[in-house]
Amino acid sequence: MLNRLHFSGLLAGLSAAFLAGAVGAQTELKVAMKAQPPTLDLHVTSTNTVRNVAAHVNEGLFAFDSDFNPAPMLAESYEISEDGLSYTFQIRQGVPFHNGDILDADDVVASLNRWLKRSSFGRTLSRYVTSVDATGPHTVVLQLNEPANFVITALSTWRAGPFIYPAEVIAAAGEERITEFVGTGPFQFVEWREGQEIRLERFADYAAVEAPADGYAGRKDAFVDTLRFIFVPELSVRRIGVETSDFDAALDIDADSSERYKADPNVMSSLGAPRMTTLIPNKSSGPMASLELRKVAQAAVCVEDILPVYGNADFWRVDPSLTWQETAWWSDAGAALYNQCDPEGAKAMAEAAGYDGTPIRLALSSEDESKYNVGLVLEQQLERAGLVVELEVRDAAAHEDTLDMKTAWDLAISEHTYRSHPILHSHLQATWTGWWENADRDALVAEFLTSSEDYAKAIWDRIHALYYEDAAIIKIGDYFEHHITRGAVDGYAGMPEPFFWNVRVEP
Amino acid sequence: MRAYLFRRLFGTLLTLFIVVTLVFVITNVIPGSPAALILGEDRTLEQVRDLDRELGLDRPLPLRFAVWLAGVLTGDLGTSYFSGAKVSEVILQRLEPTLILTATSAILAVGLGVSLGVLAALFRGGAFDIGARITALTAAAMPNFWLGLLLILLLSLYWRLLPAAGYVSFFENPGDAWRYIILPSITLGASHAGIVSRVARANLLEEFGADYLRTARAKGLSPWSVVTRHALRNSLVSTLGVVGVTLALLIGGSVVTETVFAVPGIGRLLVESVLRRDFPMIQGTILVIALLVALVNFLVDGAYALIDPRIRYD
């Protein structure tokens, strides 16, 4: 009897343990990405890989909803003074950081001050900011020197955005990059295995915002216990890894493979962020400093012959706007000069401009296949217009270095990542590569940033037209990133930037 | 022997110094900006200058070299420009996958290569010999990345036997780790197995014609004994030279295999570091690879003496 009791007790215990194990089984989501990020310090870089990982760990005061309108995240509310010079933010109370500290105004002030100093977008806003102060335990006041209409937009951005870190983490980093990856996000940083993976875990004490999930904003739930970003450089292996269920998702997949997934219920293919390809003339020195020659290049470009390098027609679109269709800032001002596809006219313009056959250096990166292919087609189109083009192909590090030198190149292909507001475009600044110095642009931008929202769109149209008139940037077209997920992955949002909160994985 | 060891040590140190000096000069002279890559597409020249200052890249090259060399002599290889992690710690982390991959590939290359070569020599001219030679030639000629992708297609995608990519440490989960190392090991080891097999076969055949073997047979030794105790042992001296080179090539040549299978080894670390101009990481990795190759050569020289008593280093 005793033995039977023991045996049944043992069985009951084992069953309970088994059930507990089944119920509490660890869930894990594995994301294959092309390369490891250079850092996880969100303030200092606008690199995609950084944001794709670290946006799960850190949050900002605001985030964009699915319509790209700013929505509160760590901010509870905000008020703008009547003169438009003072923004008062109430910070949510009781929000824990991953290190156990509770978020307060000092953390926000330290983070914003660092961001204003270190981030490219922060530096843009900093021209208008006189101070950021904590006026209460959960109150922060941002003081401007003149009204600016893009403050909340700038505070909502993900790219080199104003993510909030604990004040002591900021202090410990000093003038260097942050190496303690502590935030308030739904996942906390666990470890970075150099060259292998970054591992995040569900943050049990996460304080979700009380609003339905909407785009990057609203309620965030970590439905998996562990989120692993695995670095897989080989494209075909990332793809096969999802097909074999070794990975749950893979980022940056070739567009051509989407055809085979249309009829495959085990792999979901999704369009990622819309991007934009442009031809950047060097306006500071060399032949392209001449407006006449820039106009020649503008007239020679024929985008329908270029864009198929991005795959089938689902993955690219002909569009003259320098701001995306998905935003409220789409514009066709100046579009008559887009996609002229007129080699003969361009040739006549080159002759009229007295072009003497000086070679035009088209700088390309060998590591980016699509940019390289765009460059090859462009070379032919420009040569049909009578320009002598020399392709200069370098690896990414040398190419980027070249772009920072004012006399080392004449034309370059640029692929711009998605932004929701014109102010987030780096090419709007004269300090960006290509160095577009234009007094009219400066005056219009100043007016644009300080005007009322209703009037801002009209000013943006005038700036947009100026881009075309000055051939400051020659727009090629838009194209889309391609990501895939396993059929068992549920809740993956169709937002431009990939994220994995509110995502479940069926066992 | 002591004099030999001293000479060898001095030669190794001199080689290492030349290697690291050359690498330092070349990596710092070729164009490329780590700051531009860290800051991303929206950077401004002002940001690049600030970051160059933070990384110490605004200092003159000789000063940077002196600082780095002083660090190396005190055991400090510097910190990564990108992650900020200590170079020595990163290399240590990424040495394990490479050493495991190299060791398993070497076992495969040497074990399979020598066995195949010896058997082919024993059955010279027969069907086995022809088959072994074709196999060895195919394995030696097949590009690494192509074989790797072929294996992934067959064994991962179609038959679902092994994972397509990734790495699990043997020290953390030995039960799972072996599944991740099989395909990379075959990929990396196959071409070397082919080369070793061809060399082993040729060396053994050369020994078969030697006078001392005829004497051995005349003494009445069994064919098995003639082959294993005399011919094989002597042929291994020449084969060992190839094995030494193979090991050195495996250490330095694992880059492609590590990239295809996402193995976080030192070869991939070197390529990634070169591509992003992470100078301290490049210099540290080259130093360690050079040290490993020197160590392998040293051990192979020692093994010569063990196999062939006529070889002395006095």
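Me: What span should helix 14 of chain A have, and how far apart are its end C-alpha atoms?
Reply: Helix 14 of chain A has 17 residues (453–469) and should span 24 Å at 1.5 Å a residue; its end C-alpha atoms are 25 Å apart, which agrees. The expected span is 1.5 Å times one less than the number of residues. Helices are DSSP runs of H or I with at least four residues, strands are runs of E with at least two, and both are numbered from the N terminus. Bear in mind that this is a predicted model: local features need pLDDT of at least 70, side-chain atom pairs count only at pLDDT 80 or more, and totals for chains, interfaces and linings use all residues. Residues are numbered from 1 along each chain as its sequence is written, while chains are lettered from A and ligands numbered from 1 in the order written.

Me: Which residues of helix 14 of chain A are buried?
Reply: Ala456(A), Trp460(A), Ile463(A), His464(A), Tyr467(A) and Tyr468(A). Buried is 20 or more other C-beta atoms within 10 Å of a residue's own, exposed is 12 or fewer, and partly exposed is in between, with C-beta atoms placed from the backbone.

Me: And what do those buried residues pack against?
Reply: Helix 13 (439–450) of chain A. Contact means C-beta atoms, placed from the backbone, within 7 Å.

Me: Which residues are exposed on the other side of helix 14?
Reply: Asp454(A), Tyr455(A) and Ala458(A).

Me: New topic: where is Cys341(A)?
Reply: In the loop between strand 13 (316–317) and helix 10 (343–352) of chain A. Cys341(A) has a positive phi, near 55°.

Key: Contact = placed C-beta atoms within 7 Å.
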